[in-house]
Amino acid sequence: MVKSEFMSATRLSSERKKIIYVDDMNYSLISLKKGLGSHYEVYLAESAEKMYKIMENVTPDLILLDVNMPDIDGYETIKSLKANERYCEIPVIFFTSDSSKENVKKGLSLGAVDYVIKPFNADKLIESIQNQFNPKKGSGKNEEKSIFNPNILVVDDMSSMLRTIHHALHDNYNVFLLSKAEVVIDFLMNNKPDLILLDYLMPGMSGFDLIPQIRDLSGYKDIPIIMVTTEGTFRNVNDAIALGASDFIVKPFDPRELNYKVDRHIRLMKQQRENEENAFLLS
């Protein structure tokens, strides 16, 4: 009986996901390990160099990465990870106090799966981590999405892709489909979606051409735009982010990944609006 219980406990421990947290601040390392230690195997590294030392013996399931660190910062660290065949598939979440919109976009463009803002909140961070291990297809009818009821505009010249995206999203969002980039601006003049999914390659006008036109419209400066592309090269992603894209997803994609990214940007936008309203009321 004792042996059986020991084997069960050992199996449970072996199934715990392994996370490396990289941060040059000791108190952040200690605080996070205390908050996450009961859920995951947490390894602490004070620098990118120490992270790689740990990874000589441990293959993490996820890396939590601070941005502002001496010597090698978070952006250079994720570049080196994504350039390494052994580590390029490991999900990276930026966990930092740097909340500027430009740096959030930069982090996502470099391949981060999420960007979580300090101060440390265990529940929110665990939710973000679990979304990587168990991506959600979407919430049920009684959850927040049915209350918020966001509108999503999808622009793609391929009818099969429009059907695929509609099928992936329609349970949780109001989905509007357009097959021509040329009609998008007219649509946006009369309708206000909460997020736009925009194909990169389309005949006539590409998604790259369309982004600046959308950003120039009144009220569309901050609306999330996710590029949907078959060409997810580092250069193309950087160009899209520079033009005003919020994120990207590469075809073919997992519907769970699409739902996760759409949900994440909808929530960020909603939080931003609430923050702006609160700041206005306090001013």
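Nine salt bridges are found when the whole structure is searched, a salt bridge being a side-chain nitrogen of Lys or Arg within 4 Å of a carboxyl oxygen of Asp or Glu. Side chains of opposite charge can pair when their charged atoms come close. The model is predicted: local features need pLDDT of at least 70 and side-chain atom pairs count only at pLDDT 80 or more, whereas totals for chains, interfaces and linings use all residues. Residues are numbered from 1 along each chain as its sequence is written, and side-chain values use heavy atoms, with hydrogens and water left out.

One of these bridges joins Glu 46 to Lys 50, with 3.4 Å from N to O. Glu 46 has a relative accessible area of 35% and is therefore partly exposed, a class that lies between buried (under 20% relative accessible area) and exposed (over 50%), computed with a 1.4 Å probe on protein chains only. Lys 50 is likewise partly exposed, at 43%.

Helices (H or I, at least four residues) and strands (E, at least two) are DSSP runs, numbered from the N terminus. The closest N and O atoms of Lys 79 and Glu 76 are 3.4 Å apart. Lys 79 is partly exposed at 35% relative accessibility, and Glu 76 is partly exposed at 43%.

Asp 114 and Arg 264 also form a salt bridge, their closest N and O atoms lying 2.3 Å apart. This pair links distant parts of the chain, 150 residues apart: Asp 114 belongs to strand S5 (residues 114–117) and Arg 264 to helix H12 (residues 255–282). Both Asp 114 and Arg 264 are buried.
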